[in-house]
Amino acid sequence: MKLIGRRLIQMILILIVASIILFIIFDSDTFKMRIALAELGNFGVSAMDPDDYKAWLVKKGLDIPFYQRFALWVGNVLQGDLGWSFEKNTAVGPLLWAALKNTGILAFWVFALMVPLSLILGVLAGMREGSRLDRSISFISVFTTSIPEIATAIILTVIFALGLKWLPTKSAMISGFDGWQLMLPVMTLVLYDFGYVARMTRASMAEVMTSQYIRTAVLKGLPYRRVILRHALRNALIAPFTVIVLQLNWLLSGVVVVEVFFEYKGFGKLLLEAALFGDIYVVQACTLVAVIVAVTSQIISDIGYTFLNPRIRFA
Amino acid sequence: MADITIEPAAPSILAQLTRTRIIALLMALVWLPLSAYVISGVTPGGSADYMLLPSIPAVILLYLIAFRAWRESWVAVLGLSLVCFWLLVAVSVPFLPLFDPNKPIAPFQIPFATKGENFYLLGTDYKGRDILSRTLWGCQRVIVWGVTATLVAYMVGMLFGLLAGYLSGWWDEIISFLGNVLLSFPVMVLFIVILNYLGPSGFNIIVAVTFASAPAIMRIVRGLALDIKTRDYVFAAQTRGESPLWIMFVELLPNVRGPIIVDACLRLGYTTVAITTLTFLGLGLQPPDPDWGLMIRESAKTAMLFKFSYMLIVPALSVSSLILGFNLMADGLREMSLRD
Amino acid sequence: MNRREFVRIAALTGLAAGTAYAMAGLADPVMAAETGNLPFPADEADAQSGGILKVAMQIQKMEDPATYSWVEMSNQTRHLLEYLAMTGPDNITRPMLAESWSASDDLKTWTFNIRKGVMWHNGDELTAEHIKWNVERWTDPAIGSSNVGLSSISALVEEVDSGEKDDKGNAKMVKKLRDGAITLVDSHTIQFNLSKPVLSFPEDMYNYPTAILHPSFTPPFSDNPIGTGAYGLAELAVGDKCILKRITKTTDGKDFTYWGGKVYLDEIHYYNFDEDNQLTAFAGGDVDAIYEFSIEQMELAKAVEGNIIAARTAQTLCCRMRVTEPPFDDIRVRKAIVMACDNAAIKALVYPEGGDIGENHHVAPVHPEYFELPPIKRDVEGAKALLKEAGKENLEVTIDVGNTDGPWHQSVAEAMRDQLKDAGITLNVNVMPASNYWEIWAKTGFGATAWTHRPLGTMVLSLGYRTGVPWNESAFASAEFDAALDAAEATLDVEERRAKMETVEKILQDAAVMVQPLYRPVYTITSKKVHGYPAHPTQYHQFNKVWMSA
């Protein structure tokens with residue numbers, strides 16, 4: 001419990017440092033000018049004299065020094081107001097919420113497919129270390145993990161969308177939710193990620209299989225199936241559990257390229273567009289979410305690890 | 001990185017030292033001309049090409065040495081072969097009979113097309129540039145920026161890791177906290193924020209990769225340093241009255257080498273992914289450089305058709321094979337170190 | 001005066017273009033003489049009503065139409081808010097909310113007769129008073145409308161002392177509407193009294209921020225969208241979608257009748273796609289039409305089933321040199337660079353299909369007053385000789401390229417690099433992100449700037465090459481040029497004006513201010529079931545007569 005408290009305090013510290021840095025970065029003239037260019041048009045900005053530009057900054061609230069804006073922003077966030085998007089001309093809250101919902105749907109299906117697949121493959125491989133099955137599974141997992149998401153996305157698109165024409169090329173979903181359009185992004189993320197989790201499961205399973213109590217159980221003449229299901233699995237799944245929870249953190253990075261490639265309106269696409277635009281409050285909100293998810297998943301994985309493994313106690 | 005163990009010291013220190021020197025020399029012979037060639041941005045075809053000539057035998061020698069050392073693990077050898085193939089391409093591409101990678105010749109020629117007296121093995125892109133030539137030239141960019149970025153990240157990460165691990169106390173607290181701040185950002189968020197601020201270019205990729213990778217490296221090195229610090233030879237050095245810096249770099253560093261090499265191979269893979277992905281997102285290298293990420297980016301908007309899909313597939317497979325090479329190498333090396 | 005010219009002048013002076021075509025004995029290509037004095041194309045006999053047109057475009061916000069800064073914004077409101085005039089896909093400007101117009105001989109008084117029976121979405125009838133309210137609003141410094149920069153509106157304002165002082169203690173000047181600049185003749189006639197002759201008054205009235213608003217307007221427009229068009233705003237989500245639906249009832253519940261004749265589409269849906277992704281969205285069947293695809297995507301477009309539409313335009317790229325920056329302050333250097341380039345070859349390489357060759361004087365063949373000068377010839381030896389004379393052999397210069405209009409800018413710069421090499425000039429191509437380019441476009445020594453289409457050649461020359469004007473990126477200053485341009489702009493008759501343009505074009509061309517290799521076509525694509533989709537040179541969406549087959 002003490003550790004969790006320390007982690008939470010650490011998270012808050014991290015959030016404060018991160019958002020101050022972001023405010024400093026986006027306070028630069030480059031980003032203000034970028035917003036002005038996007039709003040007023042290229043020639044419009046060049047036609048403005050310095051006074052007009054100053055007036056525009058005042059109108060947008062960008063003339064206030066960043067530390068004051070930071071203080072204001074913190075106050076607003078604590079009241080649940082995440083600010084205003086310059087680009088989308090709307091409150092950040094609903095925007096972020098909609099994007100997170102879409103990414104949530106994506107993540108749900110990724111985990112729903114990836115977890116069983118990688119656990120089964122990992123356990124199968126780890127059960128008989130060094131067997132042909134183990135070697136093939138291991139090689140396949142290194143292989144799929146080595147193909148970057150962008151390449152996986154391309155190969156899947158070329159095969160299933162352009163070649164066979166079974167699935168749509170893009171996932172913009174302009175006329176509402178469409179499960180078919182979700183398939184390629186989900187497949188891409190699963191293919192990229194399952195190998196890593198499978199390898200972790202395999203390593204953990206292999207370790208358990210060589211442990212004393214499993215050997216004893218097998219020597220005692222217990223049925224092999226029962227040894228695996230009753231004794232080995234429980235202990236072998238502790239390490240993968242941590243890894244799986246930490247994949248949440250990875251997913252927030254991984255979705256950017258997949259969402260941009262497939263035009264899927266989720267968190268990653270929102271973040272990239274906002275960063276390119278200089279849309280400070282959207283970037284802040286996205287970072288907030290990303291850091292909270294990252295740190296929370298670390299805490300959960302720690303707790304889970306302890307819960308599943310009674311040998312470890314928090315100091 | 002829980003499954004990293006410390007490599008035991010090799011039997012003959014002297015033999016290893018000479019071998020290390022040769023390897024270091026060969027690596028420098030490959031590395032320095034190649035990075036100078038790419039970073040200075042010289043136009044191919046000039047006399048600058050000749051500075052890459054000595055690198056070709058150096059790559060082959062490196063391959064043979066590593067092959068001998070790792071021949072017991074076919075995984076490592078396979079990875080090594082993939083990496084060395086691309087390395088060989090990178091240093092020898094100016095001497096290959098290829099089209100100019102940036103010269104438009106005939107657009108949208110499919111692979112194996114013959115037009116006039118020109119033959120396009122892998123076809124041409126939307127601008128009419130030869131894809132074979134762009135792919136082979138492209139590996140130079142990825143390798144140079146990827147390895148340089150990883151190298152810089154390592155130097156920074158190791159420096160802070162050793163500082164934190166060896167000095168401990170407040171230094172450790174501060175360095176570890178800053179590391180944790182950076183590690184709490186999902187990598188891509190960090191990349192986007194940094195590159196967007198600094199502007200897209202190869203040099204800024206180095207900065208971004210350093211920020212993203214150094215904290216993790218720092219953590220590993222710190223852990224190793226904490227562990228090794230308690231060993232006798234460090235204690236001996238301390239009683240000899242050596243300065244902390246001397247101890248860090250001369251006594252500690254060589255002894256954390258083993259696990260770091262494995263981690264470096266993996267990290268080279270990540271960096272390659274990152275560079276390709278960032279370039280695809282428009283945050284990395286800028287056109288018209290022949291680069292795999294750029295090739296994907298440009299083809300994704302001009303050639304989203306089955307009959308033109310070679311434009312996407314070729315760079316996608318190239319980058320995958322390079323990363324596979326790094327990962328297999330890491331895998332094989334780890335396996336070997338576990339076996340010892 | 002040939003017949004097409006007659007049509008052009010007739011339209012300019014307010015004769016219904018349909019009538020003008022008839023008087024010239026031409027078959028009217030797009031106009032419907034039989035539907036009365038309307039600016040829209042004729043109704044097709046087999047046109048079907050109904051259907052939803054889905055268009056991929058960037059979705060922008062709709063704050064204040066007078067300060068629109070992107071064409072996309074105006075397209076979103078183009079079927080809600082209408083204009084006094086309308087420039088068709090044929091680059092001819094016809095009366096829209098005005099019924100006709102006339103100009104005095106000195107081009108200093110313009111009289112617009114406002115169309116009768118135009119109904120606002122709230123049931124009011126459009127009057128000249130409403131027009132006056134709009135024009136006054138454009139000239140209000142507090143609004144900050146770019147319309148003040150139009151030659152027509154700038155001739156309505158004067159600079160006065162604002163009473164405030166700036167930092168240095170000088171009096172701050174503001175632009176304000178002159179007294180008596182606008183006169184209401186009657187409820188449907190408005191007269192503009194200008195301080196200088198203006199030729200392009202009707203063309204200016206279709207500049208995209210000149211949409212006519214109801215006087216009850218308060219920004220943002222999307223909150224209270226009242227216009228005169230056939231469609232109303234149903235939903236707007238910036239960066240996502242913009243849904244327009246046919247208006248049948250006024251806001252006070254009465255039946256709404258649209259003045260402009262029959263319209264066919266039930267709804268117009270705009271969906272947000274980046275320019276790079278619009279064609280792939282179309283290929284995937286998500287949309288029926290797109291805003292634009294680039295030349296790089298032509299092969300892809302040809303492979304997709306649909307109708308490719310190309311519009312001939314005056315959109316161009318000016319690789320202009322700043323005449324005050326060394327080494328470009330030496331005209332011999334500029335001339336050498338211009339002479340060493342082969343515009344025709346660059347165009348053939350970059351835009352093999354459609355488009356026109358540029359002639360380094362920024363008047364395009366689509367402009368009515370375009371005077372054809374002798375074709376420019378590449379002269380590498382001459383360029384070398386000039387450089388030698390200037391003592392600038394082995395000249396090395398850098399051109400800034402922002403690819404603001406697409407990667408073809410870079411292709412142009414690279415082609416120039418290869419050509420200049422023949423004359424011993426080293427050209428470095430410095431590629432930068434578009435946003436960075438717009439920060440330096442007016443300052444850099446050598447830069448490739450994109451200029452959009454304007455209906456008249458004189459309009460862009462006035463904006464970009466007069467001494468000291470804000471957008472004069474090349475710092476070109478010539479009293480002789482200004483005077484010649486004044487003379488051309490004071491001439492309503494196209495034939496006479498063209499004769500005067502010879503001097504104007506020649507001065508600019510001889511000054512070697514820019515390498516202007518081409519005028520590019522703009523491409524779009526529609527699905528086979530979309531009919532009557534206009535190929536507008538500035539990508540203005542005019543969907544009144546667009547219909548969809550089932």
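Which residues does Leu271(A) touch, not counting residues up to four places away in sequence?

1. Leu271(A) touches Val256(A), Val283(A), Cys286(A), Val189(B) and Ile192(B). Touching means contact: C-beta atoms, placed from the backbone, within 7 Å.

2. This is a predicted model, where local features need pLDDT of at least 70, side-chain atom pairs count only at pLDDT 80 or more, and totals for chains, interfaces and linings use all residues. Residues are numbered from 1 along each chain as its sequence is written, while chains are lettered from A and ligands numbered from 1 in the order in which they are written.

3. The largest nonpolar core has 329 residues, and Leu271(A), Cys286(A) and Phe191(B) touch the most other members. Helix α4 (residues 131-167) of chain B gives the largest share, 16 residues. A second, separate core has six residues, among them Val123(A) and Met205(A). (A nonpolar core is a set of buried Ala, Val, Leu, Ile, Met, Phe, Trp, Tyr and Cys residues joined through C-beta atoms within 7 Å.)

4. Check His362(C). Its phi is positive, about 60 degrees, although it is not a glycine. His362(C) sits in the loop between β15 (356-357) and α11 (380-390) of chain C. Helices (H or I, at least four residues) and strands (E, at least two) are DSSP runs, numbered from the N terminus. His362(C) counts as buried because it has 25 C-beta neighbours inside 10 Å. (Buried means 20 or more other C-beta atoms within 10 Å of a residue's own; exposed, 12 or fewer; partly exposed, in between; C-beta atoms are placed from the backbone.)

5. A cis peptide bond joins Pro219(C) and Pro220(C), with omega about 0 degrees. Another cis bond joins Pro326(C) and Pro327(C).

Technical notes. Two residues are in contact if their C-beta atoms, placed from the backbone, lie within 7 Å.
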